[in-house]
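I wanted to work through one protein chain from its overall layout down to single side chains. These are my notes, in the order in which I looked things up.

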Amino acid sequence: MPVGGDITEISYNHPTIGSGVLYPKAAEDSTFDLGGFRGNDDANMVDGGGRNIRQLNQVRWSFEGTVSWDMNIDNELQKVTDMSKDPQEADWTFTHINGTVWGGKGAPVGDVQGNGNGSTFTLKASGGKALKKII
């Protein structure tokens, strides 16, 4: 039986910035793209004889969700901003309330903007190869 729900914890271990935990906001959507190889969706991928031409391209994995931001002490926004500009990647894990844990090596991507009223920000992390189920 499928069990959806919250992401309970996001952890990272970066070679220069260190390790830490980000806490996602409850009852918010999250998006997983496991990455890996994908077949190109192009209706013209056939030859003159009508045979299918398979084009497989690698895409990066990604995770996106809303996390809490403690501006007073933990300052998660600064840590994620620092990681996004560092050339080295971190090891990431994403823990779901259903008990599954997913992991990959990557970095924050895109804009990193804090919501001062909601004390949150959107985290998008992405990396090469594929996001793998650990547990």
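The entries below go from the whole chain to its core, its aromatic rings and its salt bridges.

**Entry 1: ground rules.** I am working with a predicted model, in which local features need pLDDT of at least 70 and side-chain atom pairs count only at pLDDT 80 or more, while totals for chains, interfaces and linings use all residues. I number residues from 1 along each chain as its sequence is written, and side-chain values use heavy atoms, with hydrogens and water left out.

**Entry 2: the whole chain.** I looked up the secondary structure and found one helix and eleven strands. Helices (H or I, at least four residues) and strands (E, at least two) are DSSP runs, numbered from the N terminus. I wrote down their order from the N terminus as β-β-β-β-β-β-α-β-β-β-β-β. The C-alpha trace spans about 65 × 40 × 30 Å along its principal axes.

I then looked up contacts, meaning heavy atoms within 4.5 Å. Among contacts between residues at least 6 apart in sequence, 66% join residues at least 24 apart.

Next came burial, where buried means under 20% relative accessible area, exposed over 50%, and partly exposed in between (1.4 Å probe, protein chains only). Of the 135 residues in the chain, 33% are buried.

**Entry 3: the core.** Which residues have the most contacts inside the largest nonpolar core? A nonpolar core is a set of buried Ala, Val, Leu, Ile, Met, Phe, Trp, Tyr and Cys residues joined through side-chain atoms within 4.5 Å. The largest one has 19 residues, and I noted I10, L22, W61, W92, F94, F121 and L123 as those with the most contacts inside it. At least two residues of this core come from each of β1 (7-14), β6 (61-68), α1 (76-85), β7 (90-96) and β10 (120-127).

F94 is buried, at 0% relative accessible area. Leaving aside neighbours within four places in sequence, its contacts include I10, F32, W61, F63 and W102.

**Entry 4: aromatic rings.** I found six aromatic pairs in the structure. Rings of Phe, Tyr and Trp (its six-membered ring) pair if their centres lie within 6.5 Å; planes under 30 degrees apart count as stacked, over 60 as edge-to-face and the rest as tilted. F32 and F63 are an edge-to-face pair, at 5.2 Å centre to centre with 70 degrees between the planes. F32 is in strand β3 (residues 30-33) and F63 in strand β6, 31 residues apart. F32 is partly exposed at 29%, whereas F63 is buried at 1%.

F63 also pairs with F94, and this pair is stacked: 4.4 Å centre to centre, 25 degrees between the planes. F63 lies in strand β6 and F94 in strand β7, so the pair ties together parts 31 residues apart in sequence. I also noted one aromatic cluster made up of Y12, F32, W61, F63, W92, F94 and W102.

**Entry 5: salt bridges.** How many salt bridges does the structure hold? I found five, taking a salt bridge as a side-chain nitrogen of Lys or Arg within 4 Å of a carboxyl oxygen of Asp or Glu. R38 and D33 meet at 2.4 Å, N to O; R38 is partly exposed at 34%, and D33 is partly exposed at 25%. R51 and D47 form another, at 2.6 Å. Here R51 is exposed at 60%, while D47 is partly exposed at 23%.
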